[in-house]
Structure formats: C-alpha cells, structure tokens
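I opened a notebook for this structure. These entries record what I looked up, in the order I looked.

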Amino acid sequence: MRDKRRAAEGTLSFYSAFQGSDQFEKVFKEGMGLVEETANYLDGQGRVDARALDRPGAIAYATESMRLTTRLMQLASWLLLQRAIVAGELQDDEQAREKSRVNLAEIGAGNPVPGSEAMPDGLRELVSRSLRLHERILVLDSMIVKAQVPAPANENPVASQIDQLARAFAIR
C-alpha cells in the first residue's frame, strides 16, 4: 500500500516499477515454467531415470528432487507474493505475515550427497536452473527490501558520505 501512496504522490518506487515491468513478468514466467517443467519431469522421465539408479544414486535422486521441489515452491511463493502485493491484494500486516513465511535463505544447493554423481542429466539440469533462478531472486529481493527503506527526510547524502569517510580513516 505504501508503494501505491508514493506512486499517487508523483514518485515511483523501484518496487512498484519493477513489479509492473516486463522484466518481472519474464522472471515470473520463468519461475512458474520451471515449476511445471520440474513436475512433468519428476512424474514422467524422472521416474524412469530413477529406476535405473543403484541404491546410493536413488537416495541422491530422492534427496535432490526434494530439495528441488522445496526450492521451487519457495521461489514460486515469493513470485506470487510480489504479484499480490503490487495488485493491492494484501494489507500491510498481511504482507509482513506472508513475507515471513517465505524463506529464501535456506533453499540453496545444500551439502553434496553420496551417489549424486549418478544423478540423471535431466535432474541435474533442473537443479542447476533452479539455483540460478534462486540467485537472481535473492538479488531482486535484496533490491526490493533496500528500496522500501525510506531515507530520513533530514539526511544530507553528501554529509553522510563525508562522515563515513571520516570514520573509515579515523580523522575525527
């Protein structure tokens, strides 16, 4: 809501501009497409590929497929939340509550699993693509969070930079 107020006052925040952009739509479609592609693979060719694995390979496959689906569900939740926020579907308190449910920090690659060298190429490719999407969304989320923190109205950016330099060089 705060972003809509800023837009109504004649300023356009990064958040609002990005969420309504072609770039966001591209990331959104990529993320949702990857969710669908992964589901199709795991329900189809992935089952065939998994049957051909030895025990360590099958355990690695199961572990990586669970990590992959967890990662993709968190990324999809983040994308859908951003879309809902911009559409004005959530009040400020609902936004905070929903944001706290999405955990982007703990869905990375994880520790290597014994037998992972036997994983099928199809699963490896999906994992790799999901990790790249995760990295991009982490950057976007960081930019959005920074854009939402208002600068103090009385802050002088030049004085702030001079103060930072003085502290860095201890010339005070």
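Entry 1, terms and ground rules. I take contact to mean heavy atoms within 4.5 Å. The model is a predicted one, where local features need pLDDT of at least 70, side-chain atom pairs count only at pLDDT 80 or more, and totals for chains, interfaces and linings use all residues. Residues are numbered from 1 along each chain as its sequence is written, and side-chain values use heavy atoms, with hydrogens and water left out.

I counted 8 helices and 0 strands in the protein. Helices (H or I, at least four residues) and strands (E, at least two) are DSSP runs, numbered from the N terminus. Read from the N terminus, the order is α-α-α-α-α-α-α-α. I noted that 32% of the 172 residues count as buried. Buried means under 20% relative accessible area, exposed over 50%, and partly exposed in between, with a 1.4 Å probe and protein chains only. Of the contacts between residues at least 6 apart in sequence, 81% join residues at least 24 apart.

I found Ser65 in helix H5. Ser65 has a relative accessible area of 11%, so it is buried. Apart from neighbours within four places in sequence, Ser65 is in contact with Leu42 and Leu123.

How do the axes of H3 and H5 cross? They come within 10 Å and cross at roughly 150 degrees; therefore H3 is roughly antiparallel to H5. Axes are lines fitted to C-alpha atoms, for helices over the stretch in contact, and angles run from 0 to 180 degrees between N-to-C directions. Angles under 35 degrees count as roughly parallel, over 145 as roughly antiparallel, 65 to 115 as roughly perpendicular and the rest as oblique. The crossing of H3 and H5 is left-handed, meaning the near helix is turned anticlockwise from the far one by less than a right angle (right-handed if clockwise). Residues making the contact include Phe24, Tyr41 and Leu42 of H3, and Ser65, Trp78 and Leu79 of H5. By class, the contact of H3 with H5 has 16 nonpolar, 5 polar and 2 charged residues. Ala, Val, Leu, Ile, Met, Phe, Trp, Tyr, Cys and Pro count as nonpolar, Asp, Glu, Lys and Arg as charged, and the others, Gly among them, as polar.

The axes of H5 and helix H6 (residues 92-101) come within 10 Å and cross at roughly 165 degrees, so H5 is roughly antiparallel to H6. H5 passes H6 in a left-handed crossing. From H5, the contact uses Gln74, Leu81 and Ile85; from H6, Gln95, Glu98, Lys99 and Arg101. The classes here are 2 nonpolar, 2 polar and 3 charged residues.

I located Ala84 in helix H5. Its relative accessible area is 12%, so Ala84 is buried. Sequence neighbours within four places aside, Ala84 is in contact with Glu89 and Leu90. Ala84 and Gln95 lie 11 residues apart in sequence and 9.0 Å apart in space, C-alpha to C-alpha.

Which residues touch the most other members of the largest nonpolar core? They are Leu75, Trp78, Leu79, Leu104, Leu123 and Ile137, out of 33 residues. Helices H3 (22-43), H5 (55-86) and H7 (121-148) are the elements that give two or more residues to this core, and H5 gives the most, with 11 residues. A nonpolar core is a set of buried Ala, Val, Leu, Ile, Met, Phe, Trp, Tyr and Cys residues joined through side-chain atoms within 4.5 Å. Leaving out neighbours within four places in sequence, Trp78 is in contact with Phe24, Val102, Leu104, Ile137, Leu140, Asp141 and Ile144.
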